[in-house]
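Subject: A structure for you to explore

Hello,

Here is the structure I promised to pass on to you. Have a look around it first, and then read my notes below.

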Amino acid sequence: IAVSLPAGYSDAKLDAKENYWGTTTELTIQSMIWDKNDDLNIASKIDYSSWLNSQDQNTPYFNPFFKVPDDYPTIQSAIDASDKADTVLVFPGTYKENINFNGKDIVVASKFLTTRDTSFISSTIIDGNKNGSVVSVRNGETINAQLIGFTITNGSAAYGGGLFIGGANSQGGGMNSEITLSNLIVKDNSAVNDGGGLMSSNNDGIIISKCKFINNTASRGGG
C-alpha cells in the first residue's frame with residue numbers, strides 16, 4: 001500500500017479502526033458479534049479477520065450446525081428450522097422417520113462430514129419404518145442440496161422406497177428436483193412399482209458419489 005504524506009512528515013501509522021466495529025480489539029469485537037442463535041459463546045468460531053481491514057458494512061454471517069439430537073429431537077425438525085445453505089449435522093443413532101428436504105438447498109449429514117470417519121455411515125441410520133420413502137426430494141431443490149454419510153433403510157413406497165427424487169409427473173408428483181448424494185448405504189428398501197432403493201422421475205439431476213445400494217427390491221428396477 002502506498003501513502004502520500006504531507007510535507008514535513010517522514011512517517012505515518014495506519015490501522016484498521018474504520019471497520020464495521022470501529023475497533024481492532026478482538027474481545028470487543030467478539031462481544032458485539034451476533035449469530036443466528038444469539039449464542040455469543042461461539043463467537044470465537046467466527047472468522048472475522050477479513051473484516052478488520054475492510055469498511056464493508058455487512059456483518060460476518062456464521063453458518064451454524066443444526067445438531068440432532070442435541071439441538072433438535074429429529075432430523076425433520078432440524079430441516080424445518082434450517083435455511084438455505086445451513087447444515088443439519090446428525091449424531092450416531094437410529095432415527096425412525098421419513099424426511100423431506102421441503103425445497104431447501106441444505107446439507108443433511110452425519111458426523112462423517114466433519115470427521116471423514118466412515119464408521120459414522122453405518123452407525124447413523126434413517127429408518128423409514130415401512131412408512132413411505134425414507135428420503136423425499138420433490139419441491140424444487142437444486143444440486144446444492146446434499147445428503148451425506150447415512151444408512152438409508154426400511155423404506156416402503158409405491159415409488160422410491162429408499163429415496164424419491166421427484167418430478168412433475170404421475171410417479172409420486174412434485175416439482176423437478178435435484179440433489180447430491182454421497183457416502184450413503186441404501187439397503188433393504190422396497191417399492192411396489194419402481195425404484196426400491198432410488199427413484200428419480202422426469203430426468204431430475206442427481207450426483208451420486210461413493211454410495212452403495214444393497215438388497216433393495218421392486219417390481220421394476222430394484223436399485
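Before we talk about residues that stand opposite each other, one term is needed: two strands count as paired if DSSP finds at least two bridges between them. Please also keep in mind that this is a predicted model.

Let me start with the whole chain. It holds four helices and 18 strands. Of its 223 residues, 43% are buried. The chain exposes about 11500 Å², and carbon and sulfur atoms supply 48% of that area. Among the contacts with a separation of 6 or more, 68% are between residues 24 or more positions apart.

Now for the strands. As background, strands of a sheet pair through backbone hydrogen bonds, either parallel or antiparallel. In what order do the five strands of the open sheet come? The order is 3-6-9-13-17, and the pairing is parallel. Strand 3 (93-96) and strand 17 (212-214) are the edge strands, each pairing on one side only. From one strand to the next, the twist averages 15°.

You can look at one pair from this sheet in detail. Strand 9 (residues 151-153) and strand 13 (residues 185-187) are joined by three bridges and run parallel. Here Thr151 stands opposite Ile185 in strand 13.

Other parallel pairs involve strand 14. Strand 10 (residues 156-159) runs parallel to strand 14 (residues 190-194), with three bridges between them. In this pair, Ser156 stands opposite Ser190. Strand 14 also pairs in the parallel sense with strand 18 (residues 217-220), again over three bridges. There you will find Ala191 opposite Ala218.

In general, side chains of opposite charge can pair when their charged atoms come close. The count for this model comes to one salt bridge. Which residues form it? Asp194 and Arg220 do, and their closest N and O atoms are 2.9 Å apart.

Arg220 has a relative accessible area of 46%, so it is partly exposed.

Last, have a look at the region around helix 2. Thr74 is found in the loop between strand 1 (65-68) and helix 2. With a relative accessible area of 31%, Thr74 is partly exposed. Leaving aside neighbours within four places in sequence, Thr74 is in contact with Val68 and Glu97. The C-alpha atoms of Thr74 and Tyr95 are separated by 7.3 Å, although these residues are 21 residues apart along the chain.

Gln76 is in helix 2 itself (residues 75-81). Gln76 has a relative accessible area of 16%, so it is buried. What does Gln76 touch, not counting residues up to four places away in sequence? The list is Glu97, Asn98, Ile99, Asn100 and Asn102.

Enjoy exploring, and write back with any questions.

Best wishes

Methods: Residues are numbered from 1 along each chain as its sequence is written. This is a predicted model: local features need pLDDT of at least 70, side-chain atom pairs count only at pLDDT 80 or more; totals for chains, interfaces and linings use all residues. Side-chain values use heavy atoms; hydrogens and water are left out. Helices (H or I, at least four residues) and strands (E, at least two) are DSSP runs, numbered from the N terminus. Buried means under 20% relative accessible area, exposed over 50%, partly exposed in between (1.4 Å probe, protein chains only). Contact means heavy atoms within 4.5 Å. Accessible areas come from the Shrake-Rupley method with a 1.4 Å probe; for residues, only the protein chains shown count as cover. Axes are lines fitted to C-alpha atoms, for helices over the stretch in contact, and angles run from 0 to 180 degrees between N-to-C directions. A salt bridge is a side-chain nitrogen of Lys or Arg within 4 Å of a carboxyl oxygen of Asp or Glu.
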